Amino acid sequence: MKQVQDRAQTRAVGESLIIQTAVRLMVPFIQLFGLYVIVHGHYSPGGGFQGGVILGASFILTAVAFDLQTSLKRFTERTNAIMGNAGVLLYTGVGMLCALLGGLFLDYSALVRIIPMDPVEWRSLGIFLVEVGVGLAVMSIMASLYWDLSSRGELDEGL
Amino acid sequence: MTTSNLHLYILAAPLLGAFAVNLLGRLSRRWVAPLTLGVLGYATIAALVVLARVLRDGTISYTIGNWRPPFGIELVIDPLGALMLLLISAVALTATFSSLTSIERELPGREHLFFTMYLLLIAGLTGLALTGDAFNLYVLLEITSITTYGLIAMGRGRAPLASFNYIIMGSIGACFYLLGVGYLYLLTGSLNMADIANILHGLQETAALATAFAFIMVGLWVKMAFFPLHSWLPNAYSLAPSGASVMIAPLMTKVTVFLMIRVMFSIFSPEYEFIQHAGVQSLIVWVAALAIVCASALALAQRDLKRMLTYIIVAEVGYMVGGVWLANSQGMTGAILHIVNDALMTLCLFLAAAAIAYRTGSLGFDSLQGLYRRMPITMAAFTIGAFSMIGVPPTAGFFSKWYLILGGIEANQWGYVAALLFSSLVNAVLFFRIIEIAYFRTGEVGHGHDHGHAAVRVEEAPLMMLAPLVLAALALIAVGFGSGPLVSGVIRLAVPGGF
Amino acid sequence: MQGIIAEIVAKYNYWIYVVLMMIGFYAMIGKRNLVKKLIGLNIFQTAIILFYVSTGVKRGGGIPIVDKHAALTHGIDPATVVNPLPHVLMLTAIVVGVSVTGVALAVLLRVYREYGTLEEDEILEKIGK
């Protein structure tokens, strides 16, 4: 009990034990839900952009409930940049790969030359690759939008 | 690798290049220049091949993802589009040499970020020249605009404020365009340009159609800075970093004029615009004449070289819009030829301004004194660009003005012809004033430096900035001499049917 | 007078979009604070998005999510589902709006750092000096 009281007193003004514990419990589920939304873009409302925003929102929630440094420790700026670029390169790369393999841009049925499956199946699954790329890119953009805007570009402390 | 996807690679190469520059530029600065130049060089060569192929075979149509139009997005490359592709790639490649040098000095350590946005902008412009779908046009227009907002805001001093003003006005324009496309979708149920044109053929004239046309036109006019919607342009283009303005100024407004031609002739038909609403046509030609006169007059009042050039851009947009709305074949030919010529002229003049700013640090008229002695090649190229703006044969500017004047006379638009001649006169005054300051006044040496390097002698611009400038000046003369074959070989095919 | 009232009542949703658009437009032009101008831009874009989405609505139409097997065997009757194409187009428009807002906020940060204020008249005073 003494420990909890000590911790409550040394905490800075404005931070709350309840919020921090709740956020710490919720963030993994939010991220799982974000992945779920990305994958289920076929059959239910969802897709790359929506799932990416949810994933990015999980990092923003961490930054708001704790402080900016905690969020940056989890998802460094360098990883952010790499994932963002990798997301777009995945999207454009898949499109170019289809074009290079003899089809048209984003014509997934051309990918049968790499993994032999029914072309119609490929067209249904190929968009999934593109959605993952979009989701990665949007996630890193959302997180970096919050970080840069709330800390005026210096990434030292947030709101 | 099949070459039937070649026109797509022209779009995909800058797109991939942008993100490769971002990733690899973070590792080491030396990746930025070769990647950018390599990507743009590839795009230029591919654009040449595509132009040759289109002239030989006719319009190429390409469906993304192999979904047949009107359900899929279609890329349509007709002779006009192929010409624009070549223009965009060539101008971008030439400007990049100069940008690489000046950005090293203006934004040290952030070149990879700058060139990411630069390559994305070129990818967007290329897509605008290729697309055949009305909503895809909106998306690409916004891609080009958003990257331009970012590039302009990277300048110093008042640049962020100018960029914010541009954001507000540019977004209004894009939203108007989106609204117009919404009305078209309501009326026809399709977003593909050729499909909409087919369906509109059988539709009756309604107020909704006129509203759609009006919204799309006004949206595009805001984007191309057609007077009186031009107030964002002088601040935005003159305060941008020189590395950005050498590429944005020649291309953005001209591509938007090309989009206006696309919308007017591939979606709506000439009969609708010119015959059913004849009053609107002559009104717009009068507004274009007014634009030319007012912009030229405002250019006379400027004391800074780059701001003067931006007002001249506004006047040139007036030439092109008036030429298109003249409703005859001469005017249309003149307008399309002027798109090509004006891009080259603006490129030449802005490259010269960037070279002068790199060496002297300021572009006020006082710091231009005696430059002929110290930067002879730069000022020689600037003089060629100036002669082309005035309309002196055999530079390229004369021939497009000739066609526009012929078209104006044929259409009995004497106001427009008078405005063209007045503008040539004012351009002569403007440029001879600069040539006089630079040649005849010997003035203080290196007075314009504001970094404390008072003892530095102003010398000729570095080779990387001089070479594209000389190339642009030579291109002006070459295009001038080659106007005949250019018009008969390419532009006659590009003039939309119906004249 | 009856005719005008009947017009407005019959197409009330279009009038709401017009009102929203004009609110956004007024904010962009009439307000002095730069952030309020940006919010006006967002309102304007949102009104256009609402307009587009409303073009697909049908009387008695349901959500355009159908069971895969039912669709493959019986086909889909277009009169029973709302048109999903404008929804998809507006997803793109929302993304564009978010990007413009992000860029504009970053530009406003630079303006604030340069001038210390976000009111347009104060900034013009500082420039004028």
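Helices here are DSSP runs of H or I with at least four residues, strands are runs of E with at least two, and both are numbered from the N terminus.

What we have is a predicted model, where local features need pLDDT of at least 70, side-chain atom pairs count only at pLDDT 80 or more, and totals for chains, interfaces and linings use all residues. Residues are numbered from 1 along each chain as its sequence is written, while chains are lettered from A and ligands numbered from 1 in the order in which they are written.

Let's start with chain C. Along the principal axes, the C-alpha atoms of chain C fill a box of roughly 75 × 50 × 10 Å. Of its 129 residues, 22% are buried. Buried means that 20 or more other C-beta atoms lie within 10 Å of the residue's own; exposed means 12 or fewer, partly exposed is in between, and the C-beta atoms are placed from the backbone.

Now, where chain B meets chain C. The contact takes 20 residues from chain B and 25 residues from chain C, with two residues in contact if their C-beta atoms, placed from the backbone, lie within 7 Å. On the chain B side, helix 5 (134-153) and helix 6 (159-188) are the elements that give two or more residues. Helix 6 of chain B gives the most, with 12 residues.

Next, some backbone details in chain B. Most residues other than glycine have a negative phi, and most peptide bonds are trans. The bond from Phe227(B) to Pro228(B) is cis, with omega near 0°, and Pro228(B) sits in the loop between helix 8 (207-224) and helix 9 (233-239). Ala225(B) is in the loop between helix 8 and helix 9 too, and its phi is positive, near 60°. Is Ala225(B) buried or exposed? Ala225(B) counts as buried because it has 29 C-beta neighbours inside 10 Å.

Asn412(B) also has a positive phi, of about 65°, although it is not a glycine. Asn412(B) lies in the loop between helix 17 and helix 18 (414-440) of chain B. With 11 C-beta neighbours inside 10 Å, Asn412(B) counts as exposed. A cis peptide bond joins Pro393(B) and Pro394(B), with omega about 5°, and Pro394(B) lies in the loop between helix 16 (376-390) and helix 17 (396-410).

Last stop: helix 20 of chain B. Its buried residues are Ser483(B), Leu486(B), Val490(B), Ile491(B) and Ala494(B). They are on the same side of helix 20 because they cover an arc of only 95° around the axis, the arc being that of the directions from the helix axis to the C-beta atoms. The face turned away from that buried side carries the exposed residues Gly484(B), Pro485(B), Ser488(B) and Gly489(B). The buried residues of helix 20 pack against helix 2 (32-57), helix 3 (79-106), helix 14 (329-360), helix 17 and helix 19 (463-481) of chain B.
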